[in-house]
Amino acid sequence: MTRLAFIGGGNMARSLIGGLLKTGAAASSIRVAEPHAQAREALAREFGVATFAENRLAAEDAQVLVLAVKPQIMPALQAELREPLQRHRPLLISIAAGVRLDQLERWFGAHLAVVRCMPNTPALIGAGATGLVANARVSPPQKAQAQHILDAVGLTRWIDDEALMDTVTALSGSGPAYFFALVEALEDAAVAQGMPRDTARALAAQTCLGAGRMLVEGGEAPGELRRRVTSPNGTTQAALESFAADGLAGIVARAVQAATRRGADLAAELDARS
């Protein structure tokens, strides 16, 4: 059994732990460092894993260490974790948005095998989308280990160029909020025309779910599915022409560019602080 430690016991760590246990991982092989006593008690009670208030104790002897903390906390962890990580040389996996491989190597040691990944919030229900990138020290078995851990909460894709990880963040990391915003707008538009809000929300949300399933399960391009739904001179064509007139494609492109730039800015801000 791989000895696995999580630094941080928040929602994403809980999702990964729950997913791993469902795929056959032993609770006895997992440790979690979590500063809040109530959260530690909940983790131990729900999953049967060992919990610790101190990061160093959870990290001791780990073969894989998952940093499941906010980006701003990363630089402060090095004083506590650098020495045990250098001594045991585990595979280091970071799920912190905007934190680059070179920053992780600088904080925790240049000789570590490091995987940077960007899961998204649907991982909380086992429907996540995660991009991963590895440094040159990650071996094929370690790469498989990292993928197995993230596969426990959804789909995974490896990214060859780390510069594209900010695009992953903008696409799938932030992407759920874009769909929530669209459903919210559809709901409000229907309500403005007199539909009860609960009915509008149910229809809009189910439409989003159904369209997503058709994309994932059917394997066809979104453009083809869109064309199939669009009858000449029909209602869908009228709506899509309105979208085009308002520049929907440009709006989306600018939004993704803005999120991508902000991801790079987060890394630069951490450089300035550390």
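This note sets out, in numbered points, what can be read from the predicted model.

1. Overall make-up. The protein consists of 274 residues, of which 37% count as buried. Its secondary structure comprises twelve helices and eight strands. Along the principal axes, the C-alpha trace extends over about 70 × 40 × 35 Å. Among the contacts with a separation of 6 or more, 63% join residues 24 or more positions apart.

2. The annotated N-terminal domain. An unreviewed UniProt entry assigns residues 3-98 to the feature "domain: Pyrroline-5-carboxylate reductase catalytic N-terminal". In the model, this span is 45% helix and 20% strand, and its end C-alpha atoms are 27 Å apart.

3. The largest nonpolar core. Which residues touch the most other members of this core? They are Leu-4, Phe-6, Ile-17, Leu-91, Ile-93 and Ile-149, out of 29 residues in the core. Two or more residues each come from strand 1 (4-7), strand 2 (30-33), strand 4 (64-67), strand 5 (91-94) and strand 6 (113-118). The helices that give two or more are helix 1 (11-22), helix 2 (37-47) and helix 6 (140-151). The greatest contribution is that of helix 1, with five residues.

4. Phe-6 and its surroundings. When neighbours within four places in sequence are left aside, Phe-6 is in contact with Ala-13, Leu-16, Ile-17 and Leu-20, as well as with Ile-30, Arg-31, Val-32, Ala-33 and Val-66. One of these partners, Ile-17, is, like Phe-6, among the core residues that touch the most other members.

5. Strand 5 and its partner. Is strand 5 covered on one face or on both? Both faces are covered: Leu-91 and Ile-93 are buried on one side, and Leu-92 and Ser-94 are buried on the other. Strand 5 pairs with strand 4 in the parallel sense, over four bridges. Within this pairing, Leu-92 of strand 5 is the bridge partner of Leu-65.

6. Two residues with positive phi. Arg-89 is not a glycine, yet its phi is positive, at about 50°. Arg-89 is located in the loop between helix 4 (74-88) and strand 5. Its relative accessibility is 42%, and it is therefore classed as partly exposed. Asn-233, likewise a residue other than glycine, has a positive phi near 60°. The loop that holds Asn-233 runs between helix 10 (222-229) and helix 11 (235-245). Asn-233 has a relative accessible area of 73%, so this residue counts as exposed.

7. Aromatic rings. How many aromatic pairs does the structure hold? The number is zero. A ring does, however, take part in an arrangement with a charged residue: Lys-143 lies over the face of Trp-158, at a distance of 4.7 Å from the ring centre.

Note on methods
Residues numbered from 1 in each chain as written. Predicted model: local features only at pLDDT ≥ 70, side-chain atom pairs only at ≥ 80, totals over all residues. Heavy atoms only, no water. Phe/Tyr/Trp six-rings, centres within 6.5 Å; stacked < 30°, edge-to-face > 60°. Lys NZ or Arg CZ within 6 Å of the ring centre and 35° of its normal. UniProt positions renumbered as here; feature names shortened; annotations may be inferred. Core = buried A, V, L, I, M, F, W, Y, C linked by side-chain atoms within 4.5 Å. Buried < 20%, exposed > 50% of the residue type's maximum accessible area, 1.4 Å probe, protein only. Contact = heavy atoms within 4.5 Å. Pairing = 2+ DSSP bridges.
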